[in-house]
Amino acid sequence: MHPSLLGLTAYRQFVVYQTAPRNDGSGKLDKWTINVHTGNRHDAHDPTIWMDAQTAENIATAWGVGYGYGFVFTEHDPFFFLDIDCALIPADPATGQPARWADVVQQMCSIFAGCAVEVSTSGTGLHIFGRGTPPPHRCANKPLGLEFYHKLRFAALTGTSAYGDV
C-alpha cells in the first residue's frame, strides 16, 4: 500500500473487488466486491467479508489482473472520501496542449491540502482521502463530477501518483 494511505490500515475494513468492462460501450469499468471465501460477488457493507489491508492486498495481487482492493467507509471511522470523476482533460495534439487536470481538481486539492490524493482506477479521476467530521452535505455534485462520502461506500485504492496523508 502506498505510504499516503497507511492511515486507513488501522481499520479492518478492506475488501477485494473485481473489475469488468461495462456492456454500454463507454469503456468504463464496473467494480464488484468479492467474498474471498466463495469467489462470488458480495455486499461491500457486510463486515463478514472485511479484512486487514495486507490480506486484501495479497489476495488481489495473487488473483491478478482485474482484481484490486479497497476500503469501506463507515460511521465508525474518522475518514472521508472525495471522488472526482472525468477530471483529466486530454492532450490536444493540434495545439500541443498537454493533458491537464480540470480546474475543479486544483480547487479541491487546495481546499483539502495535506489530504491523501491518488489517481482513480479509470486514470481520468482523482480520489481525495482525509479524516475528520464532515459537515452536513449532499453526496454528489454531478455537474462538477464530485461525490463526497464518509459512510456507506467503498473506494477502490490505486496508490497511483499518490501524495499527502490520510
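Residues are numbered from 1 along each chain as its sequence is written, and side-chain values use heavy atoms, with hydrogens and water left out. Because the model is predicted, local features need pLDDT of at least 70 and side-chain atom pairs count only at pLDDT 80 or more, whereas totals for chains, interfaces and linings use all residues.

Helices (H or I, at least four residues) and strands (E, at least two) are DSSP runs, numbered from the N terminus. Two strands are taken as paired if DSSP finds at least two bridges between them. An open sheet of 5 strands, with antiparallel pairing, has the order β7-β8-β4-β10-β9. Its edge strands, β7 (116–119) and β9 (140–141), each pair on one side only. Within the sheet, β4 (residues 79–84) runs antiparallel to β8 (residues 126–131), and 6 bridges join the two. I84 stands opposite L126 in β8.

A nonpolar core is a set of buried Ala, Val, Leu, Ile, Met, Phe, Trp, Tyr and Cys residues joined through side-chain atoms within 4.5 Å. Buried means under 20% relative accessible area, exposed over 50%, and partly exposed in between (1.4 Å probe, protein chains only). The largest nonpolar core has 21 residues, and those with the most contacts inside it are L8, F14, M51, F71, F73, F129 and L157. At least two residues of this core come from each of β1 (14–21), α1 (53–63), β3 (67–73) and β4. The largest share, 4 residues, is that of α1. Another core, of 17 residues, lies apart from it and includes C109, C115, I128 and L146. Leaving aside neighbours within four places in sequence, F71 is in contact (heavy atoms within 4.5 Å) with residues including L8, F14, F79, R153 and L157.

Rings of Phe, Tyr and Trp (its six-membered ring) pair if their centres lie within 6.5 Å; planes under 30 degrees apart count as stacked, over 60 as edge-to-face and the rest as tilted. The whole structure holds 12 aromatic pairs. F73 and F81 form a stacked pair, 5.5 Å centre to centre with 10° between the planes. The pair of F81 and F129 is also stacked, because the ring centres are 5.3 Å apart and the planes are at 15°. This pair links distant parts of the chain, with F81 in strand β4 and F129 in strand β8, 48 residues apart. F81 counts as buried at 2% relative accessibility, and F129 at 0%. Ring pairs link Y11, F14, F71, F73, F79, F81, F129 and Y149 into a cluster.
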